[in-house]
Amino acid sequence: MKVMCRNPLFYVVLYCAAQTLSINIESNPTANSESVIEVHLEKSVSLVCAVDGTQADEELVWLRNNAAVLLKEENKKGRSSVCVTPVLHEDNGATFTCYMVRNSTIRTSVTLNVTYCPNLSESEDVLVEQEAGLVLQCDILANPPVSNVSWTLNGSTVDLFGGGFSMTTDGSTTQLRVSSVERSLHEGTYQCAADCFNGEKRNKRFHVTVTEKTFKFPLMPMIAGLVVVGLTALLAVLSRWKKITKCCK
Ligand SMILES: *[C@@H]1O[C@H](CO)[C@@H](O)[C@H](O)[C@H]1NC(C)=O
Ligand SMILES: *[C@@H]1O[C@H](CO)[C@@H](O)[C@H](O)[C@H]1NC(C)=O
Ligand SMILES: *[C@@H]1O[C@H](CO)[C@@H](O)[C@H](O)[C@H]1NC(C)=O
């Protein structure tokens with residue numbers, strides 16, 4: 001009961017002491033509880049940093065990965081917004097920090113998680129000689145990583161055991177290899193396909209044509225032969241030169 005009779009000033013002082021300055025970032029799309037904003041490649045993110053409480057004219061600074069973001073004069077006091085558009089691959093993992101110029105320990109930040117599908121779309125024509133090696137490669141880098149990668153030849157799953165194929169896949173590429181191409185087994189339309197996290201399927205085609213084996217000019221023995229011929233000629237000239245100079249004395 002006694003508490004209620006206290007001087008109103010008491011409450012005012014209490015209120016002021018409790019009101020430590022803070023700033024917060026509001027974003028679209030919104031950040032999760034770990035301050036991570038998930039956004040798809042080529043979409044946009046808008047960030048608004050605002051000072052809580054009464055000090056509405058506090059000057060604010062934005063950093064992108066510790067580098068200052070250029071702001072217009074009217075976009076600094078009390079409230080400051082930045083927009084990332086379009087969101088690029090290099091924005092993945094980028095951290096945006098907003099802080100108060102007067103006291104830089106008053107800061108808050110958010111990090112972008114840029115989701116994207118593998119960049120597979122165009123098709124490629126490939127010529128390969130009979131008995132030569134063949135390597136087909138697809139870039140499957142994606143965030144989050146692709147869940148399923150497959151290779152087909154003329155629409156059927158590539159026969160890794162019978163067809164002389166080998167396949168290797170890591171987080172960024174998938175490769176299909178043939179060490180010695182045979183037209184009856186290896187000519188046709190290949191396709192690599194990957195499943196993206198959002199359910200999209202991406203693929204790339206290769207139209208592989210097997211050509212006749214051409215006669216390979218034996219370049220290395222040729223060079224060795226030319227060197228020998230050249231050296232012999234040089235030695236011959238040198239020995240002649242000795243004779244010539246001798247006789248000139
Ligand atoms: C900056 O703000 C922090 C947190 O509110 C506070 O503890 C600190 O004393 C302030 N520093 C200055 C120089 O005002
Ligand atoms: C980014 O978002 C994707 C999709 O929700 C998620 O799988 C991945 O773990 C997130 N990455 C980070 C670093 O938060
Ligand atoms: C794939 O289809 C093409 C065109 O129909 C055909 O010429 C080729 O022999 C086929 N390849 C295989 C390995 O069956």
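This is a predicted model: local features need pLDDT of at least 70, side-chain atom pairs count only at pLDDT 80 or more; totals for chains, interfaces and linings use all residues.
## Around ligand 2

Start with ligand 2, which has Glu 38, Asn 113, Thr 115 and Pro 144 around it. Sorted by class, that shell comes out as one nonpolar, two polar and one charged residues.

For Asn 113, a side-chain N or O atom sits 2.3 Å from an oxygen of ligand 2. For Glu 38, the corresponding distance from a side-chain N or O atom to a ligand 2 oxygen is 2.9 Å. On its own, ligand 2 would expose 360 Å², and the protein buries 45% of that.

## Around ligand 3

Ligand 3 has its own set of neighbours: Leu 153, Asn 154, Ser 184, Leu 185, Glu 187 and Gly 188. By class, they split into two nonpolar, three polar and one charged.

The side chain of Asn 154 puts an N or O atom 2.4 Å from an oxygen of ligand 3. Glu 187 takes part through its backbone, with an N or O atom 2.8 Å from a nitrogen of the ligand. Taken alone, ligand 3 exposes 360 Å², of which the protein buries 42%.

## The largest pocket

The largest pocket comes in at about 160 Å³. Its lining is made up of His 40, Leu 41, Glu 42, His 89, Tyr 116, Cys 117, Pro 118, Asn 119, Asp 139, Leu 141 and Arg 202.

If you like to think in residue classes, that lining has five nonpolar, three polar and three charged residues.

## A five-stranded sheet

Now for the strands. Five of them make an open sheet with mixed pairing, in the order β9-β16-β15-β11-β12. The edges belong to β9 (123-129) and β12 (156-157); each has a single partner strand, so one side of each has no neighbour in the sheet.

## A hairpin

Strands β13 and β14 form a hairpin, with three residues between them. β13 covers residues 165-169 and β14 covers residues 173-178, and the two pair antiparallel over five bridges.

How values were computed:
Residues are numbered from 1 along each chain as its sequence is written. Chains are lettered from A and ligands numbered from 1 in the order in which they are written. Side-chain values use heavy atoms; hydrogens and water are left out. A residue is near a molecule or strand if one of its heavy atoms lies within 4 Å of it. A polar contact is a pair of N or O atoms within 3.5 Å; within protein, one must be able to donate a hydrogen and the other to accept it, and residues adjacent in sequence count only if both atoms are side-chain atoms. Accessible areas come from the Shrake-Rupley method with a 1.4 Å probe; for residues, only the protein chains shown count as cover. Ala, Val, Leu, Ile, Met, Phe, Trp, Tyr, Cys and Pro count as nonpolar, Asp, Glu, Lys and Arg as charged, and the others, Gly among them, as polar. On a 1 Å grid over the protein atoms alone, a cavity is a set of points where a 1.4 Å probe fits but cannot get out, and a pocket is an open set with protein on both sides within 12 Å along at least five of seven lines; lining residues have an atom within 4 Å of a point. Grid points are joined across faces, edges and corners, and a volume is the space filled by probe spheres set on the points. Two strands pair if DSSP finds at least two bridges between them. Helices (H or I, at least four residues) and strands (E, at least two) are DSSP runs, numbered from the N terminus.
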